[in-house]
Amino acid sequence: MATLHTHALVLRSNDFGESDRILHLLTPDTGRLTVIAKGARRSIKRFGGNLDFFNHLRVQVERRRPTSMARLELARLERTFHGLRESPERFALGSYVLELLDRLAPEGGAREDRDRLFRFGLGALDWINREPPDARMRVLLELRTLDAVGLRPEFGRCVRCANALVAGDGPRVAFRVADGGPLCRRCQGTNEDGLPIHLGTLRALEASLGFPLDRLGRIGWNAGAVNEAQGLLRRFLRFHVGLELRSEAFLEQLTLRGPEGKLRPPQPPS
Ligand SMILES: [Zn+2]
């Protein structure tokens with residue numbers, strides 16, 4: 001029997017049987033991990049009501065056999081991100097990030113990647129907890145989640161010939177969602193496929209990848225770039241993540257404000 005002591009975030013929670021709960025956790029030791037929390041619904045003594053979203057937990061997990069589901073034995077609260085339960089916008093964004101991680105985070109993987117992914121999860125919740133949510137925050141969170149799980153789109157180079165994009169390729173280039181990046185003017189030729197997007201938007205997205213999460217709020221974006229980036233990320237996620245996420249529909253209803261403070265008109269689903 002192997003006992004694991006680690007940190008965890010709850011990505012997903014489902015009732016199971018009369019009194020149990022099945023949880024998807026994100027941990028720095030295992031990546032995504034499915035556990036059963038016996039009696040979690042019958043008695044709050046053991047877990048103290050800690051098995052909630054937006055809680056940073058310290059957990060003890062028992063793994064009896066590699067083939068059977070791991071059992072959650074203890075969950076102590078390390079920190080809770082209160083703000084996410086107090087505002088519908090923050091709640092929706094936080095749920096969305098957790099659902100993206102649940103869909104995209106691998107089980108296992110290299111230690112360094114698991115650590116980085118867990119730190120990203122904590123950092124994302126912390127950012128949503130601290131800053132007023134806006135449309136730009138959603139775009140940046142989508143991008144950074146993709147980056148954290150190893151699905152970073154290409155912004156700076158042509159995906160066909162690998163040449164760096166230059167001003168002469170612009171002002172707009174075709175972004176090929178299926179190929180994960182843009183085409184230079186020469187490779188594009190007269191082909192009209194691809195999502196037209198300004199070079200400036202690609203440069204802004206690329207630059208944002210170099211910012212630590214806790215400083216992302218300082219990046220200035222104009223509304224046009226946010227709109228374009230939203231369209232790009234939306235298509236990229238549809239293609240590479242697939243099915244629509246449950247939390248996304250809720251997030252769409254809330255109409256996040258743009259960074260300039262005006263309400264963004266509702267976007268038709270593409
Ligand atoms: Zn090219």
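Predicted model: local features only at pLDDT ≥ 70, side-chain atom pairs only at ≥ 80, totals over all residues.
The secondary structure comprises eight helices and eight strands. Of the 270 residues, 36% are buried. When contacts between residues at least 6 apart in sequence are considered, 62% of them join residues at least 24 apart.

Five of the strands form a closed barrel in the order β1-β2-β3-β5-β4, with mixed pairing. On average, and with direction ignored, neighbouring strands of this sheet are turned by 45° against each other. In general, the strands of a sheet pair through backbone hydrogen bonds, in either a parallel or an antiparallel arrangement. Strand β1, residues 2–16, pairs with strand β2, residues 20–27, in the antiparallel sense over seven bridges. Within this pair, Phe 16 stands opposite Asp 20 of β2. Strand β1 also pairs with β4 in the antiparallel sense, over seven bridges, and here Thr 6 is placed opposite Val 59 of β4. Strand β4 in turn pairs with β5, residues 70–80, in the antiparallel sense over eight bridges. Asn 55 has Thr 80 in β5 as its bridge partner. Six residues lie between β4 and β5, and the two strands form a hairpin.

Helix α3, residues 111–130, lies across β1, β2, β3 and β4, and runs at about 110° to β2. This helix has 20 residues and reaches 29 Å from its first C-alpha to its last, close to the 28 Å expected at 1.5 Å a residue. The buried residues of α3 are Arg 114, Leu 117, Phe 118, Phe 120, Gly 121, Ala 124, Leu 125, Trp 127 and Ile 128. An α-helix has 3.6 residues a turn, so residues three or four places apart point the same way. The packing partners of the buried residues in α3 are the strands β1, β2 and β3 together with the helices α1, α2 and α4.

Helix α2 covers residues 88–104, with Leu 104 among them. Leu 104 is partly exposed because 18 other C-beta atoms lie within 10 Å, whereas a buried residue needs 20 or more. Leaving aside residues up to four places away in sequence, Leu 104 touches Thr 145, Val 149, Leu 151 and Val 241. The C-alpha atoms of Leu 104 and Asp 193 are separated by 27 Å, and these residues are 89 apart along the chain.

The largest nonpolar core contains 67 residues. Leu 25, Leu 26, Val 35, Leu 93 and Val 97 have the most contacts inside this core. In soluble globular proteins, nonpolar side chains tend to be buried together. With residues up to four places away in sequence not counted, Leu 25 touches Ala 8, Leu 9, Val 10, Leu 11, Leu 33 and Val 35.

Some features of the backbone were also examined. Most residues other than glycine have a negative phi, and most peptide bonds are trans. Phe 54, a residue other than glycine, has a positive phi, near 65°. Phe 54 is placed in the loop between β3 and β4, and counts as buried because 21 C-beta neighbours lie inside 10 Å. Ala 162 likewise has a positive phi, near 70°, and belongs to the loop between α4 and β6. Ala 162 is exposed because 11 other C-beta atoms lie within 10 Å, and the limit for an exposed residue is 12 or fewer. The peptide bond from Gly 170 to Pro 171 is cis, with omega near 5°. Pro 171 is located in the loop between α4 and β6.

Conventions. Residues numbered from 1 in each chain as written. Helix = DSSP H or I, 4+ residues; strand = E, 2+ residues; numbered from the N terminus. Contact = placed C-beta atoms within 7 Å. Pairing = 2+ DSSP bridges. Axes fitted to C-alpha atoms, helices over the stretch in contact; angles between N-to-C directions. Expected span 1.5 Å × (residues − 1). Core = buried A, V, L, I, M, F, W, Y, C linked by C-beta atoms within 7 Å.
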